[in-house]
Amino acid sequence: MTYEKVLYRLENGVARIAMNDPATRNAGSAQMGEELFDAMTRAAFEARAVVLTGEGKAFCSGANLGDAAGMLADPRRDVGTLLDRHFNPVIVAMRDMEQPVVTAVRGAAAGVGAGLAMAGDLILCGESGFFLQAFRHVGLVPDGGSSWLLTRAVGRVRAMEMMLLGERLPAARALEWGLVTRVVADEDLDAAAMALAGELARGPWSLRRIKQVAWAAADCTLEQALTNERLGQRDASRTEDFVEGVTAFAEKREAVFKGR
């Protein structure tokens, strides 16, 4: 696929995927959703870690309402079709891919953009970054997985506050609430995200199982979590990286992992 709304670069095992429509502050369109899904699928085959960010002054300002404007005359309109076809598959791909995903937020992560940001395994935020459940302002409901992701990250009461009032959550408070991993200066955001993803890309094969059991734990019983951990430990212990890790520990040196 040729990308027009997305930039893709592979560097030292890290796939950098950037939403690229600065004129709309990277508003989510059908085309952008298709390109993001293709880029995530590509990264799943050739990268060991992923960075998702936005070019310009915003991460993603939400859905491009121009895509929905043509539906207004139809009383049976269904804005949800845009989600089913173009953005829900991206959120699921981010969760299901074996590679850890770092999201890097500068400026607005609003609407479906907030969902994309929160779907990261690690979430970095520039000082200008903010999260906004903008849906109430246009008479819609949360999407992009926000109702699930936000509630599990900050709890029902705070999630309700964000969704019902539609107020900005600035970077510092997002860190305080546990919604983001780290906050850095805007000018350092890209370098910090690539450095963090690079550290993940150099990690052991077991990172993929860590990701799987952590995501599953958000929605399963203790008994199922114990089973997931047991199966993950079986798979990880059969890898070359486990042998290298134990050998390096015994030899008092840093392990060199190969991701297999």
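Is Arg-106 buried or exposed? Arg-106 is buried, at a relative accessible area of 13% (buried means under 20% relative accessible area, exposed over 50%, partly exposed in between, with a 1.4 Å probe and protein chains only). We're looking at a predicted model, where local features need pLDDT of at least 70, side-chain atom pairs count only at pLDDT 80 or more, and totals for chains, interfaces and linings use all residues. Residues are numbered from 1 along each chain as its sequence is written, and side-chain values use heavy atoms, with hydrogens and water left out.

**View 1. Asp-190 and Arg-106 form a salt bridge.** Their closest N and O atoms sit 3.2 Å apart (a salt bridge is a side-chain nitrogen of Lys or Arg within 4 Å of a carboxyl oxygen of Asp or Glu). Asp-190 belongs to helix α8 (residues 189-201) and Arg-106 to the loop between β4 and β5 (108-110), so the pair ties together parts 84 residues apart in sequence. Helices (H or I, at least four residues) and strands (E, at least two) are DSSP runs, numbered from the N terminus. Asp-190 is partly exposed at 31% relative accessibility.

**View 2. Asp-121 pairs up with Lys-211 in a salt bridge.** Here the closest N and O atoms are 3.0 Å apart. Asp-121 is in the loop between α4 (112-118) and β6 (122-126), while Lys-211 is in helix α9, 90 residues apart. Lys-211 is buried at 7% relative accessibility, whereas Asp-121 is partly exposed at 26%.

**View 3. Arg-208 forms a salt bridge with Glu-98.** The closest N and O atoms are 2.8 Å apart. Arg-208 is partly exposed at 23% relative accessibility, and Glu-98 is partly exposed at 35%.
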